[in-house]
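Visitor: I have not looked at this structure before. Please take me through how to read it.

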Amino acid sequence: MKDAFGIPQSLLVLGGTSEIALATARRLVARRTRTVWLAGRPSPALDAAAEQLRGLGAEVRTVAFDALDPESHEAALGKVFAEGDVDLVLLAFGILGDQAHDEREPLNAVRVAQTNYTGAVSAGLVSARALQAQGHGSLVVLSSVAGERARRANFIYGSSKAGLDAFAQGLGDALHGTGVHVMVVRPGFVRSRMTAGMEEAPLATTPEAVATAIELGLRRRSETVWVPGALRVVMSAVRHLPRTLFRRLPV
Amino acid sequence: MSADTDWGPVTGWGRTAPTAARLIRPRTYEEAALAVRECGARGGIARGLGRAYGDAAQNAGGAVLDMTALDRVHAVDVAGGTVLCDAGVSLHRLMELLLPLGWFVPVTPGTRYVTVGGAIGADIHGKNHHVSGSFARHVAALELLTADGQVRTVTPGTPLFDATAGGMGLTGVILTATLRLQPVETALMSVDTERAADLDDLMARLTATDHRYRYSVAWIDLLARGRATGRAVLTRGDHAPLDALPARSRARRAPLAFRTSRLPAAPDLVPDGLLGRTTVGLFNELWYRKSPRLSRGRLQRISTFFHPLDGVPHWNRIYGRGGFVQYQFVVGEGREEALRRIVRRISDHRCPSFLAVLKRFGEADPGWLSFPLPGWTLALDIPAGLPGLGAFLDELDEEVAEAGGRVYLAKDARLRPELLAAMYPRLDDFRALRAELDPHGVFVSDLARRLTL
């Protein structure tokens, strides 16, 4: 069960090697979380992540999960929920792709869309149903500012996150009053493996800062969290820029 | 006819951590038994008037039995001073009914809006704990609907009684109870008020003269710092005898009339953070200064003396949507150093708490999970949104456990489960009895899940 501050005792991470997810898990384990499920494609990185969290005192188990294989989601996640209540599901998987390359290789672009959007639709719905049956829990969805308005420089990724974001908002409304809380997290540029070697955007942040914002959002039972918080204002302005102007923005 | 059923989110009085449950409102014992039989895989828990601060009367995904429709008073023995009533009867109703007959409830907490079932389940205490003990000490018998569908008559001195008193509803659904009452001559209180300049002064006064009063409590200013740390206002008293009432007054003509007053309810949309350090600091300063340095024998209504907050319906809304946490712990006699340390830490942390009370408990009560221990108990409310509060309270828990103390389950919404066994040494007995009485875990609450009770 979550405590009065929204901190879970059990956590399921979808995308168990995500740096943001692991930073969040470390934070939550330091507070209350005792049981952690890391769902992801079996890999040494997944095992290493599990080992790291075990070192912090959590009971960690890994489960094979592939966002690109929605048919398997029901079975893979059903197994986790059958073992006991999950207080927090952190939907953290996603890939950035390579915009220039993916524009030439449509099948690669589709992979980005399938991972970030359709995979999340499937895993999100499966998780939501299980959470609804237990009458409590939070579903935290890692979206991105890139989904707020698709930019020339990464509109394939951006559009997939836009779809995910809209889906998660709708799911949150659908679950309102069921005891299940859905929180959409929109980080800006996060310095991590995913963005290594890329030119940093303004208001860049870190996985740890995102984790802090998630903990705060859980306490406040927020529905939307921007990281850093200033992006809420910035993006609200960016959203209303005329297209001609927006196209010429250097970011 | 089946009981009214409704599905929706439920919270405790602190309005934190809502979870959804099927709310069932049985109107007969048969409907209650049926609800227990059919509560499904996620079990059920009885709920009264929802005054437990945390998640004691919540059951995510399962059934919550709202017992307030079972509210009949079956028999009052006016000569002997006992009452037999349904568990859903509130203490407010009992006062309305019994005061004109010259009887008062044996123990009342800071609100009259609790049910008899809840009072036993949480084994509540009041300002008279040092004299009268907890609520369950005044229960002559109760009827308990257990997981097997049986209704058992449970009497004090049996393991089932001791598990049920303070058992947070996890042994079954209390249907009725027979209570022993307190005789009174009037419906007024004779109250002495005095100020204490700091915590040591306060403890000295409570230790020296508590035995002279049936009721005793101190409001403590936890925002005061430096030499004033722990400054307090003591209010102590007893039921006023008839001859204490002024002749030819309205009170004298109807000495047993139960009078209350109510202000408008607190609005639902209060911004979070209204009760910050500044506002609460100001309130505490005024409250301390407006209290008389010393006054004796002032007459007060029962509602004013015991239940000042009941005058504002839904007062819990003043903390805004974020809700609040109530932290209550007890440390034993001789552990005054721990109490001093904790009070200092709270004051250093600047917890904006305006409802903090300190009280001296008497003998411990027989309930296995009953809260009181002979010693000192401090209760405070804190807005749940205060940054770093979770970690801070965890540190206080360590101090409390270290000193052999415990926190109060009826108020808890955040205790670390690992500390529970140290705080409640009879926990294993409780678990063993539950495993035998309710092997399929029919009775379960969010509190029970969170702390693996």
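Guide: Begin with a pair of strands in chain A. Strand β5 (residues 137–142) of chain A and strand β6 (residues 180–187) of chain A run parallel and are joined by six bridges. Within this pair, A:Val141 stands opposite A:Val184 in β6(A). This is a predicted model, in which local features need pLDDT of at least 70, side-chain atom pairs count only at pLDDT 80 or more, and totals for chains, interfaces and linings use all residues. Residues are numbered from 1 along each chain as its sequence is written, while chains are lettered from A and ligands numbered from 1 in the order in which they are written.

Visitor: What holds for the pairing of strands in general, and what is the strand order of the open sheet of seven strands in chain A?

Guide: Strands of a sheet pair through backbone hydrogen bonds, either parallel or antiparallel. Here, strands are DSSP runs of E with at least two residues, helices are runs of H or I with at least four, and both are numbered from the N terminus. Two strands pair if DSSP finds at least two bridges between them. In chain A, the seven strands follow the order β3-β2-β1-β4-β5-β6-β7, with parallel pairing. At the edges are β3 (59–64) and β7 (224–227) of chain A, each pairing on one side only. Neighbouring strands of this sheet are turned by 15 degrees against each other on average, direction ignored.

Visitor: Which strands does α1(A) lie across?

Guide: Helix α1(A) lies across β1 (10–14), β2 (35–40), β4 (88–91) and β5 of chain A, and runs at about 175 degrees to β1(A). Such angles run from 0 to 180 degrees between N-to-C directions, and axes are lines fitted to C-alpha atoms, for helices over the stretch in contact. Helix α3 (residues 73–82) of chain A also packs on the sheet, where it touches β1, β2 and β3 of chain A; its direction makes about 160 degrees with that of β3(A).

Visitor: At what angle do α1 and α7 of chain A pack?

Guide: Helix α1 (residues 19–31) of chain A packs against helix α7 (residues 207–220) of chain A at an angle of about 55 degrees, and their axes are 8 Å apart. The two helices, α1(A) and α7(A), are therefore oblique to each other. For such labels, angles under 35 degrees count as roughly parallel, over 145 as roughly antiparallel, 65 to 115 as roughly perpendicular and the rest as oblique.

Visitor: Which residues of α1(A) and α7(A) meet?

Guide: Contact is a distance test: the C-beta atoms of two residues, placed from the backbone, lie within 7 Å. On the α1(A) side are A:Glu19, A:Ile20, A:Ala23, A:Thr24 and A:Arg27, which meet A:Pro207, A:Glu208, A:Val210, A:Ala211, A:Ile214 and A:Glu215 in α7(A). By class, this contact of α1(A) with α7(A) has six nonpolar, one polar and four charged residues. Ala, Val, Leu, Ile, Met, Phe, Trp, Tyr, Cys and Pro count as nonpolar, Asp, Glu, Lys and Arg as charged, and the others, Gly among them, as polar.

Visitor: How many residues does each chain bring to the contact between chain A and chain B?

Guide: Chain B brings 26 residues and chain A brings 19 residues. On the side of chain B that touches chain A, β1 (4–10), β2 (19–25), α11 (389–402) and α14 (446–451) of chain B each supply at least two residues. That side of chain B divides into ten nonpolar, ten polar and six charged residues.

Visitor: Into which domains is chain B divided?

Guide: Domain bounds come from an automatic or database domain assignment. Chain B is divided into domain 1 (71–184) and domain 2 (188–419), and the C-alpha centres of these two domains of chain B lie 23 Å apart. In their contact, 30 residues of domain 1 of chain B touch 27 residues of domain 2 of chain B.

Visitor: How do α10(B) and α11(B) cross?

Guide: Helix α10 (residues 336–349) of chain B and α11(B) cross at roughly 170 degrees, and their axes come within 10 Å. They are therefore roughly antiparallel to each other.

Visitor: Which peptide bond is cis?

Guide: Most residues other than glycine have a negative phi, and most peptide bonds are trans. The bond from A:Val227 to A:Pro228 is cis, with omega near -5 degrees. A:Pro228 is placed in the loop between β7 and α8 (231–239) of chain A. As for phi, B:Met168 has a positive value near 55 degrees, and this residue, B:Met168, lies in the loop between α5 and β10 (173–180) of chain B.
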